[in-house]
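Welcome! Have a look at it first, and then read on.

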Amino acid sequence: MAREKLINPFKPTAGAEPPVLVGRDKVLGDFSDGIAEGVGAPGRLIRITGPRGSGKTVLLTELGDIARESGWEVIDETASKGFCSRIAEAAAGERLVPGLEVDVHLGVLDVRSKGSSRESAPSLRAALTERADALGRQHRGLLITLDEVQDASPSEMRELATAVQHLIRERIDVAFAFAGLTTGVLDLINGEALTFLRRALPEELAAIPVDEVACALRQSIEKSGLAITDAALAEAAQKTVGYAYLIQLIGYHVWRAGRAHVDDTPVIDEEDVSRGIEQAMGRFHDAVHESAVSDLPLRAMEYLLAMTEDEGVSATAAVADRLGLPATSLTSYRRLLVQRQIIEPTARGFVAFSIPYTREYLMQNRESLLARYGR
Ligand SMILES: Nc1ncnc2c1ncn2[C@@H]1O[C@H](COP(=O)(O)OP(=O)(O)OP(=O)(O)O)[C@@H](O)[C@H]1O
Ligand SMILES: [Mg+2]
């Protein structure tokens, strides 16, 4: 195939729909069943958690597509401040844009206030009930998706949860799917009076099985007009460790390495995979690890470097020992690292890196990272 006709199918960009959605069959099935089964079905209330780049936003989009295919209406929101009123406005079918609208009629300037048709913002519960009732008359349901829930204010989250719970009690066709970083979401729903949300179907986006990744990589590569040897495919898939963003990033760079020689052969081999992986990892370190650790206080950086002595999880007591400090003096640094999603607690007194290859990045760059602090 002519080189210029070949298009890289991989999408290493936040929120971008991947060529093949790997490893999500179960949750998509649960949600489809939930829509079909009617009010009160467990698949209508879903909580998606996972680290940065694990595929939360893409999964919410996919749930929205399924709902739309069943004729449902979908409201997508992000949990930054004011999301309840934005959802209420979307449900009311109109966004109130402050400001003035200027029309020119036959040279006469006609200025009127925009959004003056409604006196005040509708209450969330009233707006949702009204919308869902109207949809119900057409035998359609309403899905609300909420992303970045770790940033939600507890009071707004409670307001939305109460409204959704109320609709369900009224036997209205409604579904709610929310997503966010694991620790933040769990803190939110466990910390406040959000019992209703605690009962949501949990979907933790852990590593996708490598054999499923291999199938998806092969399918995307072959559909795009290239091919790949079995050994090269196995190596590429294994290196993704089933992490969604890396599937796209490694796929993208390996594919590029293959295209470079398409005039000779369209088959991607192990050499292409090594080159592609090297480029993907460089990009991954810059985009993910570097931005995660930039401007950390020295102690927090030392904490991370001390963790690299362990291959898997680290005991917080052992980390303190290595630093020669009492464990209590490190609590606030550990909390900061958890908040920034660089590490996460795995059990009481144990932590691990949240994102793959963080340990490798820190080990490779130890000196230059410490040099930033004059060490
Ligand atoms: N199931 C999947 N299979 C293959 N690739 C995926 C899958 N889900 C997501 N991706 C890819 O992974 C990358 C990250 O996806 P997404 O933006 O949804 O992650 P996220 O968890 O929302 O990240 P963040 O926490 O930064 O918002 C994108 O490049 C996307 O195409
Ligand atoms: Mg996202």
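Which helices each supply at least two residues of the shell around ligand 1? They are helix 2 (56-69) and helix 10 (244-259). Please keep in mind that this is a predicted model.

**Where the ligand sits**
- Ligand 1 is found in the largest pocket.
- Both domain 1 (3-15 + 208-292) and domain 2 (25-97 + 123-204) contribute residues to the shell, so ligand 1 lies between these domains.

**Who surrounds it**
- The shell around ligand 1 holds 23 residues, and the closest are Lys11, Gly15, Ala16, Lys56 and Thr57.
- By type, the shell divides into 11 nonpolar, seven polar and five charged residues.

**Contacts and cover**
- A polar backbone atom of Ala16 is 2.6 Å from an oxygen atom of ligand 1.
- The side chain of Thr57 has an N or O atom 2.8 Å from an oxygen atom of ligand 1.
- For the side chain of Arg52, an N or O atom is 3.0 Å from an oxygen atom of ligand 1.
- On its own, ligand 1 has 640 Å² of accessible area, and the protein covers 95% of that.

How values were computed. Residues numbered from 1 in each chain as written. Chains lettered and ligands numbered in written order. Predicted model: local features only at pLDDT ≥ 70, side-chain atom pairs only at ≥ 80, totals over all residues. Heavy atoms only, no water. Near = heavy atom within 4 Å. Polar contact = N/O pair within 3.5 Å; in protein donor to acceptor, adjacent residues only side chain to side chain. Areas by Shrake-Rupley, 256 points an atom, 1.4 Å probe, with all protein chains shown as cover. 1 Å grid on protein atoms, 1.4 Å probe; cavity = no way out; pocket = protein on both sides within 12 Å on 5 of 7 lines; lining within 4 Å. Sits in = over half its atoms within 2 Å of the grid points. Helix = DSSP H or I, 4+ residues; strand = E, 2+ residues; numbered from the N terminus. Nonpolar A, V, L, I, M, F, W, Y, C, P; charged D, E, K, R; others polar. Domains from an automatic or database assignment.
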